[in-house]
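Trainee: I'd like a close look at one helix pair. Please keep to that part and what surrounds it.

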Amino acid sequence: MATKINKLLLILLMSMASIVCFAINPNDQIIEEETGQAQTLFNPGEMIMHHISDSHEWHFFNTETFHATIPLPIIVYSAERGGLSVFLSSKFDHGDTYKGYGILHEHIFAVNAEGVEDKTIAVYDFSITKNVTSLIFSAALLIFVFTSVAKGYVKNKGKAPTGVQSFFEPIVSYVRDEIAIKMIGPKYERFMPFLLTVFFFIWFNNLLGLLPGGANLTGNIAVTLMLAIIVFIMTLINSNGYYWKHILWTPGVPLPLRIIIMPIEVIGMITKPFSLMIRLFANITAGHIIILSFIGLIFLFKNIYIAPLSVGFGLFMTFLELFVALIQAFVFTLLAAMYFGSAVEEHAHDDHDHGH
Amino acid sequence: MALLSIITPELGLFFWQTVIFLVTLFLLSKFAWGPIMSALREREDSITDALSAADKARADIEKLQATNEALLVEARAERDRILAEAQKAATTMLEDARAKATTEGNRLIEAARISIQTEKNAALNEVKNYTATLALDIAEKILRKELSNSDEQRNLVNEYIKEVNLN
């Protein structure tokens, strides 16, 4: 009971901290009133967009005099600006331009001599943004955690698992038994590394995204696009003749229908990974938007009495998001396994439904 | 504009995601999933083996018990058979011994009887001879006494008869 209360207090504290983190935005408009005093006007839409979007610096909070911001490396390539340039994002502070580059709303562009955007120059932005930093951190965390788990298997060879090993073993077993073996069948083994990696990658990053100040990595479309493309490529690489026959000339269907089904099936090959991309992106982004909206209410109403309601709903949503973090990792892995399963399935029975 | 920006994949993040995800996938496959999956499989195999070995041992024990039971039944039957045989043998032997003893006893009794008869006959003969001698002696003495005194002769006869009786 006591530990339960402690955990609850911890969550509450974290929610409070997230209020601080999410609350104030460097892009808030500053308007000069007639009295000459500067007053910030809170714009919830902009605040939410700022928090779910990628950023070239890791911003935590601001006070009147202090900006708690970690500058991140900017890596830009432009043939007209002498190739690759690497510098810290702090060079752009206070709206400065640097080495012929400028930044506005996280978009890096080339500037001409007058300091105005030059749209004729192509700029390729490979910066280590907030999301990339989070990505590197999560990759390091994944590698650290799972090599530790693997070491446990060497240490406790043939014995019962201990520590972190016993936490992850049932999950690994679940992915293997309930996802890979059920969806793919006897050829599941070659897909296990990808399925496990993608499952834990999505889960870990979903959770990291829920931390106050965390990056919204799995709610970024570039990340989910890349994961979906890998699923698509792996499906194609592992597809057998039966898979293609089923798509191009569906067996057991009258001839006129086959002609109609063929384009539908071909489009279906694309829409399956496309749905993976959208589902993960939308679910995670939506969760963040809802939590941020509840917190934004406090600052929108400028009323302390709305805070308990906001914190209550925010708390509820955070718990829901903890659950969604796992569910989305599970769903992505399950559907990927289903697509792999349909690609490697052997011709066994014509009337079998392929799960679409 | 803002909405469009969040559904537009950024080149930089896409590039880093590809690089880092593939590197992570490679490293985890090599250093984590490989050892974990093989260890899991090994352990499951060993558990399956242990279970089947236990089943086999149980079956063996059951078989052994059945064999023991059969052996016991057989041993019991053997014991009963041996006991019965021994009893029979003992009875036969007793019977034989009894018959032999009876025969021997009869033979001995017969031999004794014959010997007694022979002894008796010899003794009777001796008595006969002695009696004859005695009678002759007595007759001789009576005859001698009669010549002297008839009363005394009578007394003498009586005395001799008494003597004979004592013998």
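At what angle do α6(A) and α8(A) pack, and how far apart are their axes?

Mentor: First, the ground rules. Residues count from 1 along each chain as written, and chains are lettered from A, ligands numbered from 1, in written order. The model is predicted: local features need pLDDT of at least 70, side-chain atom pairs pLDDT 80 or more, while totals for chains, interfaces and linings use all residues.

Now the pair. α6(A) and α8(A) pack at about 150°, axes 8 Å apart (lines fitted to C-alpha atoms over the stretch in contact; angles run from 0 to 180 degrees between N-to-C directions). That makes α6(A) roughly antiparallel to α8(A) (over 145 degrees). The crossing of α6(A) past α8(A) is right-handed (near helix turned clockwise from the far one by less than a right angle). On α6(A), the contact residues include Leu225(A), Ala228(A) and Phe232(A). α8(A) answers with, among them, Phe274(A), Met277(A) and Phe281(A). Contact means C-beta atoms, placed from the backbone, within 7 Å.

Leu195(A) touches Ala180(A), Val175(A) and Thr333(A), among others, leaving aside residues up to four places away in sequence.

Conventions: Two residues are in contact if their C-beta atoms, placed from the backbone, lie within 7 Å. Helices (H or I, at least four residues) and strands (E, at least two) are DSSP runs, numbered from the N terminus. Angles under 35 degrees count as roughly parallel, over 145 as roughly antiparallel, 65 to 115 as roughly perpendicular and the rest as oblique.
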